[in-house]
Amino acid sequence: MTFTKQLVPAVLVTLVLTVLLGLVYPLVVTGLALVLFPAQARGSLIVDHGRVIGSRLIGQQFSGPGFFHGRPSAAGSGYDATASGGSNLGPTSRALADRVAASVKDSGGSAARPVPADLVTASGSGLDPHITPAAADFQVRRVARERGMPEAAVRDLVRRATEGRQWGFLGEPRVNVLELNLALAGPQPPAPPPG
C-alpha cells in the first residue's frame, strides 16, 4: 500500500513535467523565437536567386582561387555541421604544430608578412563563419591578383563587409566569409585603364 501511495504521485509528476518541459515549453520558446527573431530561428539562411547557398552562422569551405578563405575546420572532414567540435589538440601537440606550419606555408606567410592566427587555427566549433579584418586584409593581394581586380576595389569590399562589435561593445570586428565572397561574385567596378 505504501509503495502504491508513492508510485502514483511520482508517475503523475513525471508525466506532467514531461508534457510541460518536453512539449509545452519548447513549443512556446520556438514560437516566440519565430515571432521575435524570424531570420535567426530559421537558421539565418542566405538565399541567392531562390536557392539556399549557406547560413550566416555556419562556415563553409572556400578553397578555390579568387575567393577569401575562412578558418580551417576541425569539424569532421571539414565544415561538417554534424560533427561540430574542435580538434582537442593542445599547444604542445606535434600534429597541431605540423598542421599550423603547413597552413602558414600554404598561405604565403613569412617573417616579414606574418599570417593572422585565425587563418591557420580552427575555431572551437570548427564552423566559425567569420575571420578577423586582419585575416581578410592578408588575403586581399591574392584575391585581387587571381580575379584581375584592383587591390583597392577588393579592399573596399572587405571594408564594407566588416561588421563591428555587437551592440557596440561585445566581441570583436569580424568579416563573414560567405557574404564577402558573394559580394566578390557580384557586379564589379571596371578596372582602371593601364598606365
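Which residues does Arg142 touch, not counting residues up to four places away in sequence? They are Gly64, Gly66, Phe67, Phe68 and His69. Arg142 is found in helix H4, a helix that spans residues 133–147. The structure is a predicted model, and the mean pLDDT of its protein chain is 86.

**Confidence of the model**

- In the protein chain, 95% of the residues reach a pLDDT of 70 or more.
- Over residues 188–195, by contrast, the pLDDT is below 50. Beyond near neighbours in sequence, this stretch has six contacts in the model.

**The largest pocket**

- The volume of the largest pocket is about 450 Å³.
- Its lining is made up of 19 residues. Those that lie nearest the centre of the pocket are His69, Asp106, Ser107, Leu119 and Gln139.
- Two helices, H3 (94–107) and H4 (133–147), each supply at least two residues of the lining.
- H4 gives the largest share of the lining, with five residues.
- Sorted by class, the lining holds eight polar, six charged and five nonpolar residues.

- Glu179 counts as partly exposed because its relative accessibility is 26%, which lies between the 20% limit for buried and the 50% limit for exposed.
- Arg56 is also partly exposed, with a relative accessible area of 37%.

- Glu151 and Arg155 form a salt bridge in which the closest N and O atoms are 3.1 Å apart. Both belong to helix H5 (residues 151–161), and because they are four residues apart there, about one helical turn separates them.
- Glu151 is partly exposed at a relative accessible area of 34%, and Arg155 is partly exposed at 35% relative accessibility.
- Glu151 and Arg155 also belong to a network of salt bridges that includes Asp137.
- Arg160 forms a salt bridge with Asp156, and here the closest N and O atoms are 3.0 Å apart. Arg160 and Asp156 are four residues apart in helix H5, so about one helical turn lies between them.
- The two partners fall into separate accessibility classes: Arg160, at 55% relative accessibility, counts as exposed, whereas Asp156, at 25%, counts as partly exposed.

- Is Arg142 buried or exposed? Arg142 counts as buried, because its relative accessibility of 18% is under the 20% limit.
- Leu34 is found in helix H1 (residues 2–36). At 33% relative accessibility, Leu34 counts as partly exposed.
- Leaving aside residues up to four places away in sequence, Leu34 touches Ala41 and Arg42.

**Positive phi in residues other than glycine**

- Ser44 is not a glycine, yet it has a positive phi of about 50°. Ser44 lies in the loop between helix H2 (38–41) and strand E1 (45–48).
- Ser44 counts as buried, since its relative accessibility is 8% and the class takes values under 20%.
- His49 likewise has a positive phi, near 55°, and is a residue other than glycine. The place of His49 is in the loop between E1 and E2.
- His49 counts as exposed, because its relative accessibility of 79% is over the 50% limit.

Methods
Residues are numbered from 1 along each chain as its sequence is written. This is a predicted model: local features need pLDDT of at least 70, side-chain atom pairs count only at pLDDT 80 or more; totals for chains, interfaces and linings use all residues. Side-chain values use heavy atoms; hydrogens and water are left out. On a 1 Å grid over the protein atoms alone, a cavity is a set of points where a 1.4 Å probe fits but cannot get out, and a pocket is an open set with protein on both sides within 12 Å along at least five of seven lines; lining residues have an atom within 4 Å of a point. Grid points are joined across faces, edges and corners, and a volume is the space filled by probe spheres set on the points. Ala, Val, Leu, Ile, Met, Phe, Trp, Tyr, Cys and Pro count as nonpolar, Asp, Glu, Lys and Arg as charged, and the others, Gly among them, as polar. pLDDT is the predictor's confidence in each residue, from 0 to 100. Contact means heavy atoms within 4.5 Å. Buried means under 20% relative accessible area, exposed over 50%, partly exposed in between (1.4 Å probe, protein chains only). A salt bridge is a side-chain nitrogen of Lys or Arg within 4 Å of a carboxyl oxygen of Asp or Glu.
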